[in-house]
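Reader: I would like to learn how to read a strand in a model. Could you take me through it step by step?

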Amino acid sequence: MHGAPIEAVTTGLKNFEAALRLDPHALECAAISILTFASKAHELTSLVEAGSFAPPVLTAEGGTALGAALELLADALERDTRPRTPEYVGDWRPLVFLMTDGQPTDDWQPGLARYRAAAARWKSTLIAIGCGPGVAIDTLSELTKTVMLMPDMTPDTIASLFDWISQSVRTASRAVSQHAAQGVQSTFADLPPPPQGIRVVL
Amino acid sequence: MRVKLQDGTFVTCEPRPLGQGGVGRVFRTTDGRSVVKLFHHPTPELEKALPLIVGDYRRIADGTEWSELYRWPDAIVVEPTLGVRLPLVADGFHELSWLIFLKALASRPPSWRSWRSRVVIASAIASAVTRLHGSGLAHSDLSPRNIWVDPLTGRVTLIDIDGLVVPGVVPPQVLGTPEYIAPELLVKQARPSSTTDLHSLAVLIYQLLLYRHPLRGPRVCSPDPAEDDLVALGPDGLFVDHPSDASNRPVSEEWAGFWPTRLLGPQLMEMFSRAFVAGLRSPGARPPAGEWVHALVRLTDRVVACSSKRCPEGFLPLSDGVAPICPWCRTPLKLRKRTPVLHLYQGIGDHRYEPEPHWWIAGTEGRRIYPWHTAKGIAAATSMNARPIAEVEHDNGVWRLRNHELAELRVIRDGREHRVIPAGDSVALHDGLTLLLAAPPRGRAIIVSRFDL
């Protein structure tokens, strides 16, 4: 991602942080980390509680190392998700929002296998958001059943995407939605309807 | 956006929703006085329920004091979808979640932390639920999301009244919020009712007063928190302060964040046991809402200021059999010399009185006497704004009770009326002094003793 879109994403993260700080459920329950991937993947901010989250500034780089990103994501899920123990309440099914605007530039199948294993173990849900015209929808559909497309990367659509992500994290934090408490796997249906300018791929 | 009300008039709303929940989206009206809630999926049951809630049952929220306790819908919206119009929550009110979730509370101003406000809030919530239940209604989703409070004054307002369960008429629309849901609902062996509300109410009161969920402790039922919840919050849940099974009890009383229930005194300890030991499997064992009001009003009279200026909560309860040490900051309580204790007695006719169980007032400086102290059958106020009718003073080493506006404050000696203390005057609170607060047979008496710390 380059130029105006990357700046809009940075702004979106600031608004996301501000929205979480106004929500007692998010402050109590949510923790956030950010992984980025260009020619390589790395953890931009490590997992912290919502109250300590500092939104990073993103920079534009070339490449779409999706395979490396999925490996890093699998590592993060395994390392950061903690089960219920006598001392700890246990982490609820992690939500992953993956945004990308390109075609993978590395071999991503090994990463996919590792991600799938980790996601199954921790009952994680991934929401893939394809940005702009050049995105590989088929690739995203292999990752998850929940694919959304944002064809126009305008600052407005990016802003409403982050509103929606904030809403989704807040909804998930509203301690365990009714469905979850009844043992139903969290699905897209639990999240708020996506904003205008964003299409859900079925 | 324009919405049409049932009476054919139109209301204009802001285009962007204020928020959105499981059942609907909420918009502020452009006049700034109300919000409009539009339901995602209106059911025929809801269509039947709303006219009753907006109509007949609205009398529950009549009167200044009661109207503040509920954000009662005042009109039905018919277009673009079924919805309701509700009064906007006043400035200064916040979701109760801010006080229940300690990480969230840590991000708020220190003035939001006051254990005394917590008692007042708990008592007001219980009053609001008592009034609903007294009219045959159940709330069905009592949770920190649906209760808004002013942390500074202790005022409370219940929202989401549109989810009310009208018995025999309307099946409930929601099952409630997991941590507050009654165990029999979690395992789908019941429908929401006033009995299931009583579980939610007990959980909320426990969390407000002791900062922890009563069923969440070290006992692990599953490594998956969702599955763990299904057991921990269900009929096989285990009260963290169970009187004979310590397996869900946080390691020791010294363990940060675990305060034993007995801090609140024997009456509340017994009630919480009924709610969280017997009540998990026998819903009928749960204390009714009115009994919580009764106990919490009495607790308020035993709340005293902590002796440490740095105490995060500022106030603590004094209870029979519990050492007078602040449970939150561990500072030993220092009271002024010869601080009086006012024991309440209820008239039972024929000039005879019997002690009110668990009811005594810590006669610290500024302690206020209210109308509900004086006689049976007077409802306690639901905020700290109530008008006192008498007040304890400390003047030149002498403890006195100042009569602000009690019509008949009488000193009794040797079983007979000795003298009347007119409004504006005061009486010294000597050991053994007997005061009559109102005329028999409903009136109550006070007998004075001293703290022995």
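**Reading a strand**

Author: In a regular strand the side chains alternate between the two faces of the sheet. Strands are DSSP runs (E, at least two residues), numbered from the N terminus.

This is a predicted model, in which local features need pLDDT of at least 70 and side-chain atom pairs count only at pLDDT 80 or more, while totals for chains, interfaces and linings use all residues. Residues are numbered from 1 along each chain as its sequence is written, and chains are lettered from A and ligands numbered from 1 in the order in which they are written.

Reader: In which sense do strand β16 (residues 390-395) of chain B and β17(B) pair, and over how many bridges?

Author: Two strands pair if DSSP finds at least two bridges between them. β16(B) and β17(B) pair in the antiparallel sense over six bridges, and B:E393 stands opposite B:R400 in β17(B). The two strands form a hairpin with two residues between them, and B:N396 in the turn has a positive phi of about 55°.

Reader: What stands opposite B:R400 in β20(B)?

Author: In β20(B), B:A428 stands opposite B:R400. Strand β20 (residues 426-428) of chain B and β17(B) pair in the antiparallel sense over three bridges.

Notes. Helices (H or I, at least four residues) and strands (E, at least two) are DSSP runs, numbered from the N terminus.
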